[in-house]
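Subject: Structure handover

Hi,

Here is the structure for you to look at. My notes on what turned up follow below it.

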Amino acid sequence: MTFRMTAPGLRLTTALAGVLALSAAPALAQETTTQTTTVQSDAPRTESEVSQTPAAPAPAPVARVQSPNGVLSLEASLTGEGRPLYRLMRQGTPVLTDSRLGFLLADAPKLERNFTIAAQATSSHDDTWEQPWGERQFVRNRYNELRVTFAETKAPGGRQFDVVFRLYDDGLGFRYEFTENQGEMRIADELTEFNLASDGEAWWIPAGEWNRYEYLYQKTPISSVGRAHTPITVKLDSGLHIAFHEAALVDYSGMWLRRTETTGFRAQLAPGANGAPAVVRTGPFTTPWRTLQIADNAPGLYMSDLILNLNEPNALGDVDWVEPFKYVGIWWGMHLGTWSWASGPIHGATTENVQRYIDFAAKHDIRGVLVEGWNVGWDGDWFGSGADMDFDQPYPDFDMEYLTNYAQERGVRLVGHHETGGNAAHYERQLEDAMAYYQANGVDAVKTGYVADAGQAQVLTSDGTVAWGWHDGQEMVRHHLRVVEVAARHEIAVNPHEPVKDTGLRRTYPNWVSREGARGLEYAAWGQPPNPPEHEANLVFTRMLSGPFDFTPGIFRMNTNPGSGVQTTLAKQLADYVVIYSPIQMLADLVEHYEANPEPFQFIKDVPTDWADTRVLSGEIGDYVVMARKDRDSDDWYIGAVSDEFGRVLPASLSFLDEGRRYTAQIYRDGPTADWQANPYDIVIEERTVTAGDTLDLQLAPGGGQAIRFVPQGRARR
């Protein structure tokens with residue numbers, strides 16, 4: 001793209017030829033068209049020509065684009081002071097009113113006013129790509145793009161940036177691009193706005209607080225939201241659903257949203273380390289995409305692939321070594337207090353204990369065994385310190401070589417664990433050796449941990465010094481990607497806890513298989529307010545819009561501690577394996593609880609972790625979800641349904657099944673007396689024959705759920 005800069009007093013000489021109205025291209029094909037508009041000064045005119053031309057101000061330039069089917073339309077323009085802004089409409093109704101763009105710099109005048117539109121260009125794109133693993137095998141990426149170049153017209157002058165808008169029928173992504181090297185930029189904050197056209201309800205968690213992302217979701221009016229992490233989901237008074245987030249967060253600080261006036265939000269970047277600017281970059285560079293997923297209802301939000309599509313394609317090449325799986329672990333006993341991470345009389349990660357878990361996994365065809373607390377360093381104050389962690393030195397009572405060989409002989413793999421205590425700097429110094437040690441011992445997946453209060457991560461700065469930073473600050477964003485890249489060189493998959501939020505980078509780095517970044521089921525083990533019955537129905541339409549979540553479901557003994565406990569029924573614990581997506585799924589309970597309940601445990605053994613297709617059949621944020629998913633390796637379908645504290649009867653059409661085929665529905669449902677408080681263990685397991693023409697009435701108890709496996713008849717049950 002080329003453009004020409006001129007003096008103030010410019011006019012648009014070529015109008016943008018309307019908005020694009022493009023038909024869908026065939027799948028797996030790509031078609032691109034481009035139109036460029038250049039701003040230029042008038043040609044010299046004679047005195048008589050000037051006298052005959054009435055003096056009138058030139059109209060302010062406006063750049064426009066529509067989504068492929070015309071559902072969404074966007075305009076980018078300027079205020080009278082030359083402030084860049086944009087607005088968004090859906091089917092003719094405003095979604096975002098005038099919302100400003102720009103940057104606040106730490107050592108230079110802000111990029112906010114005295115701009116002109118120097119160039120604009122539109123293009124279209126339509127292709128389909130395949131996920132190596134995921135919620136669905138094939139993803140269509142269809143959008144219309146508008147690129148607008150904003151150029152400064154007054155002092156200091158010479159500065160410019162592009163804003164690239166990608167408009168899908170189900171949402172918007174836009175980012176800033178600095179296409180030329182303008183030297184080092186020290187960004188104090190963004191001035192990006194999202195001004196909603198109306199009020200409504202919002203589901204959100206606070207940002208900039210001590211506990212990172214691990215909060216219960218609040219439901220408030222949009223006009224009462226404080227400072228929030230993304231994704232934040234809103235339901236406008238009209239019923240329209242919108243989720244705000246970001247995609248492709250690379251070498252930049254994470255974006256929080258701060259409510260400004262009534263229903264307006266402004267981006268706020270996570271602070272830099274030790275009081276440094278939020279972002280320091282040298283051009284050319286791009287920011288992450290700022291995203292809005294937009295749908296008529298809550299299920300439509302989850303069905304959107306916008307976040308993934310805004311990321312770059314797979315950068316790792318052949319990733320056959322990344323394998324979805326289920327795992328048990330030396331883990332839950334620590335949370336219950338019956339085992340310890342530290343060495344001593346109740347140390348959990350002993351050779352004997354791990355061997356027992358390997359035997360269980362082998363017997364039930366469970367691929368992985370997670371082991372926490374195996375390495376030297378847990379005996380000190382590891383929470384928020386991590387300075388004593390040694391990532392290739394086992395405790396004396398843990399025989400790494402023997403156990404990895406013992407596991408592999410039985411078709412099982414150990415799942416590694418690296419807890420850093422939030423000391424990313426200390427971990428990075430050992431990172432290469434730590435991953436090489438795991439690879440040498442046949443460990444091909446690692447769970448990392450960053451247990452430290454927010455703002456208390458210890459990070460390496462660009463000059464190699466150690467500083468205090470935020471879990472979603474620029475330094476930690478760099479760190480997490482560095483871990484993933486080093487792990488990939490050793491063919492190891494990564495699952496971080498206390499992580500930076502998911503922004504779809506699993507498309508580019510498919511070994512970034514899952515992460516935490518929300519309240520997992522471990523909160524049921526502690527003597528503090530546990531996750532309430534509505535938690536999963538909140539997560540699906542908030543946190544899970546960003547990507548896979550290592551929720552650690554599958555607890556069969558609900559009453560874990562006085563004042564705490566699992567606030568679900570047993571059937572809901574099974575349903576979570578369908579509803580809460582992760583390509584690696586933990587069987588979080590103690591193995592003896594599964595052995596004591598073989599009938600419900602059968603569903604966990606059967607349910608896969610990799611899907612060919614996903615359908616959200618129904619759902620309301622915080623109330624209920626009914627999810628259907630198809631196994632990638634067979635013709636089996638699964639349904640998971642969960643409810644909040646209220647019992648419900650939810651109809652589920654089976655039209656997703658193959659026409660003309662009969663299926664055996666293996667049903668795991670709440671029993672007649674089931675209730676998360678009074679009787680969480682009442683479960684009914686039954687079978688019936690169904691077809692695509694049937695509708696099932698799913699009866700869910702208070703805090704309950706239902707899990708169903710659909711097996712085509714004529715095929716042996718595995």
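Contact here means heavy atoms within 4.5 Å. Keep in mind that this is a predicted model.

**Phe360 and helix 5**

With that cut-off, Phe360 touches Val328, Val591, Tyr594, Glu595 and Phe601, leaving out residues up to four places away in sequence. Phe360 sits in helix 5. Is Phe360 buried or exposed? Its relative accessible area is 3%. Buried means under 20%, so Phe360 is buried. Leu306 is another matter: Phe360 and Leu306 are 54 residues apart in sequence, and their C-alpha atoms are 40 Å apart in space.

Helix 5 covers residues 351–363, and helix 6 covers residues 400–409. Their axes come within 10 Å and cross at roughly 10°. Angles under 35 degrees count as roughly parallel, so helix 5 and helix 6 are roughly parallel to each other. On the helix 5 side, the contact is made by Thr351, Val354, Gln355, Ile358 and Asp359. Helix 6 brings Tyr402, Leu403, Tyr406 and Ala407. By class, this contact has six nonpolar, two polar and one charged residues.

**Helices 7 and 8**

Next pair: helix 7 (residues 424–440) and helix 8 (residues 474–489). Their axes come within 10 Å, with a crossing angle of roughly 10°. Helix 7 and helix 8 are therefore roughly parallel to each other. Helix 7 makes the contact through Ala424, Tyr427, Glu428, Leu431, Glu432 and Met435. The residues divide into eight nonpolar, one polar and four charged.

Helix 8 also passes a length check. At 1.5 Å a residue, its 16 residues should span 22 Å. The end C-alpha atoms are 23 Å apart, which agrees.

How many of the 16 residues of helix 8 are buried? Twelve are, and helix 8 is mostly covered. Among them are Met476, Val477, Leu481, Val484 and Ala488. The buried residues pack against helix 7 and against strand 21 (279–282), strand 28 (457–460) and strand 30 (493–497). Glu491 follows helix 8 and has a positive phi, near 55°.

**Thr568 and helix 10**

Thr568 lies in the loop between helix 9 (535–539) and helix 10 (570–579). Thr568 counts as buried, at 4% relative accessibility. What does the side chain of Thr568 make a polar contact with? The partner is the side chain of Gln573, at 3.0 Å. Beyond its neighbours within four places in sequence, Thr568 is in contact with Glu536, Met558, Gln573, Trp676, Pro680 and Gly703.

Gln573 is one of the buried residues of helix 10. Ten of the ten residues of helix 10 are buried, so helix 10 is largely enclosed by the rest of the structure. The buried residues include Lys572 and Asp576.

**Asp613**

Asp613 is in strand 32 (residues 611–620). Its side chain makes a polar contact with the side chain of Arg615 (2.9 Å). Ser582 is 31 residues from Asp613 along the chain, and their C-alpha atoms are separated by 14 Å.

Best wishes

Definitions and conventions. Residues numbered from 1 in each chain as written. Predicted model: local features only at pLDDT ≥ 70, side-chain atom pairs only at ≥ 80, totals over all residues. Heavy atoms only, no water. Axes fitted to C-alpha atoms, helices over the stretch in contact; angles between N-to-C directions. Helix = DSSP H or I, 4+ residues; strand = E, 2+ residues; numbered from the N terminus. Parallel < 35°, antiparallel > 145°, perpendicular 65-115°, else oblique. Nonpolar A, V, L, I, M, F, W, Y, C, P; charged D, E, K, R; others polar. Buried < 20%, exposed > 50% of the residue type's maximum accessible area, 1.4 Å probe, protein only. Polar contact = N/O pair within 3.5 Å; in protein donor to acceptor, adjacent residues only side chain to side chain. Expected span 1.5 Å × (residues − 1).
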